[in-house]
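Subject: The model we talked about

Hi,

Have it open while you read.

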Amino acid sequence: MASYQIFRLKDPVRQNFRWTPHLSGLSQVKPKDYEAEDTVEGESLYAVWASLRGTPQELQIGDVIAIDTDDLRIVKYVGFEQAKWIVPEDKPAAGPVAVGAGA
């Protein structure tokens with residue numbers, strides 16, 4: 001059996017997610033919008049979904065399941081679609097400002 005890490009979409013963000021139009025293809029998700037939960041064992045994504053269905057831990061629209069660190073799936077109305085974490089780039093440190101010779 002495989003291990004799946006579940007990330008729950010935070011409630012304030014979930015309402016916006018539910019009303020955005022469905023776009024197929026790779027979804028980009030922000031780590032700050034999610035809370036990590038325990039891992040779940042299962043034969044497949046759909047086996048995990050079925051095992052949690054009807055429990056307090058049921059997967060909801062917008063939740064993310066990590067199969068491994070690089071393989072994410074997001075729960076949508078149409079099933080599971082690929083997702084990718086958006087990692088913000090570090091802002092370059094402000095260095096010394098060069099003063100021109102003509103100044």
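**What I found**

Leaving out neighbours within four places in sequence, L26 is in contact with Q82, A83 and K84, where contact means heavy atoms within 4.5 Å. L26 sits in the loop between α1 and β2. Its C-alpha is 9.3 Å from that of R73, although L26 and R73 are 47 residues apart in sequence.

Before going on, some housekeeping. This is a predicted model, so local features need pLDDT of at least 70 and side-chain atom pairs count only at pLDDT 80 or more, while totals for chains, interfaces and linings use all residues. Residues are numbered from 1 along each chain as its sequence is written, and side-chain values use heavy atoms, with hydrogens and water left out.

**The overall layout**

The protein has two helices and six strands, and from the N terminus the order is β-α-β-β-α-β-β-β. Helices (H or I, at least four residues) and strands (E, at least two) are DSSP runs, numbered from the N terminus. Of the 103 residues, 30% are buried; buried means under 20% relative accessible area, exposed over 50%, and partly exposed in between, with a 1.4 Å probe and protein chains only. Among contacts with a separation of 6 or more, 69% are between residues 24 or more positions apart.

S27 counts as buried because its relative accessible area is 11%. Its side chain makes a polar contact of 3.0 Å with the side chain of K76. A polar contact is a pair of N or O atoms within 3.5 Å; within protein, one must be able to donate a hydrogen and the other to accept it, and residues adjacent in sequence count only if both atoms are side-chain atoms. Beyond four places in sequence, S27 is in contact with I74, K76, Q82, A83 and K84.

S27 and K76 turn up again in the largest pocket: along with F17, T20 and Q28, they lie nearest its centre, out of 23 lining residues. That pocket holds about 480 Å³ of space. For the method: on a 1 Å grid over the protein atoms alone, a cavity is a set of points where a 1.4 Å probe fits but cannot get out, and a pocket is an open set with protein on both sides within 12 Å along at least five of seven lines; lining residues have an atom within 4 Å of a point. Grid points are joined across faces, edges and corners, and a volume is the space filled by probe spheres set on the points.

Which elements supply at least two residues each of this lining? They are α1 (11-19), β2 (27-29) and β5 (71-76), with α1 giving the largest share, four residues. By class, the lining has twelve nonpolar, seven polar and four charged residues. Here Ala, Val, Leu, Ile, Met, Phe, Trp, Tyr, Cys and Pro count as nonpolar, Asp, Glu, Lys and Arg as charged, and the others, Gly among them, as polar.

**R8 and the second largest pocket**

The second largest pocket comes in at about 150 Å³. Seven of its lining residues are charged, two are polar and two are nonpolar. Its lining includes R8, R14, E35, E37 and E58, and β1 (2-9), α1 and β3 (34-42) each supply at least two residues.

R8 itself is in strand β1 and is buried, at 10% relative accessible area. The R8 side chain reaches the backbone oxygen of E58 at 2.8 Å.

In α2 (residues 45-52), L45, V48 and L52 are buried. Seen down the helix axis, the buried residues fall within an arc of 65 degrees, so they line one face of α2; the arc is that of the directions from the helix axis to the C-beta atoms. Their cover includes β1, β3, β4 (64-68), β5 and β6 (79-85).

R73, in strand β5, touches L45 as well as D63, F80 and others. The side chains of R73 and D71 are joined by a polar contact of 2.9 Å.

Cheers
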